[in-house]
Amino acid sequence: MRKAVFQMEPFSCPSCIKKIENTLGKQAGVKDGIVLFHSGKVRVEFDELQISDQQIEELIVKLGYSVYSRKVA
């Protein structure tokens, strides 16, 4: 399992949280996806054999959010 933190634009509404967390939760290989509303970050724990951090970033961008940076551990 790997962990990634995506730095996003500041979130403006609670529905953003639900939209991102629900989408990540439906992806194979994503164990946990949490939106940190006040810091504008998305923290994801995932199985790198099933999904990559690049694919996760693409999912977030497809939802209409900008990703400024990502840190993978």
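A salt bridge is taken here as a side-chain nitrogen of Lys or Arg within 4 Å of a carboxyl oxygen of Asp or Glu. The model is predicted, so that local features need pLDDT of at least 70 and side-chain atom pairs count only at pLDDT 80 or more, whereas totals for chains, interfaces and linings use all residues. Residues are numbered from 1 along each chain as its sequence is written, and side-chain values use heavy atoms, with hydrogens and water left out.

**The sheet and its helices**

Helices (H or I, at least four residues) and strands (E, at least two) are DSSP runs, numbered from the N terminus, and two strands pair if DSSP finds at least two bridges between them. On that basis 4 strands form an open sheet in the order E2-E3-E1-E4, with antiparallel pairing. Because E2 and E4 stand at the edges with a single partner strand each, one side of each is left without a neighbour in the sheet. From one strand to the next the twist averages 15°, where axes are lines fitted to C-alpha atoms, for helices over the stretch in contact, and angles run from 0 to 180 degrees between N-to-C directions.

Strand E3 is joined to E1 by 6 bridges and to E2 by 6 bridges, and arginine 43 in E3 stands opposite valine 5 as well as opposite isoleucine 34. E2 and E3 form a hairpin with 4 residues between them, and glycine 40 in the turn has a positive phi of about 65°. In a regular strand the side chains alternate between the two faces of the sheet. E3 has a covered face made of Val42, Val44 and Phe46, and an uncovered one made of Lys41, Arg43 and Glu45.

Helix H1 (residues 14–25) lies across E2 and E3 and runs at about 170° to E2. H2 packs on the sheet, where it touches E1, E2, E3 and E4, and its direction makes about 155° with that of E4; contact means heavy atoms within 4.5 Å.

**Salt bridges**

Side chains of opposite charge can pair when their charged atoms come close. The count comes to 4 salt bridges, among them the following pairs.

| Pair | N to O distance |
|---|---|
| Glutamate 48 and arginine 2 | 3.5 Å |
| Lysine 31 and glutamate 45 | 3.8 Å |
| Arginine 70 and glutamate 57 | 2.3 Å |

Buried means under 20% relative accessible area, exposed over 50%, and partly exposed in between (1.4 Å probe, protein chains only); glutamate 48 is partly exposed at 44%, and arginine 2 is partly exposed at 28%.

Lysine 31 forms a salt bridge with glutamate 45, and lysine 31 is exposed, with a relative accessible area of 58%.

Asp53, Glu57 and Arg70 are linked in a network of salt bridges. Aspartate 53, in helix H2, is buried at 17% relative accessible area, glutamate 57 is buried at 17%, and arginine 70 is partly exposed at 34%. A polar contact of 2.5 Å also joins the side chains of aspartate 53 and arginine 70, the term denoting a pair of N or O atoms within 3.5 Å, of which, within protein, one must be able to donate a hydrogen and the other to accept it, while residues adjacent in sequence count only if both atoms are side-chain atoms. Not counting residues up to four places away in sequence, aspartate 53 touches Phe6, Phe46, Arg70 and Val72.
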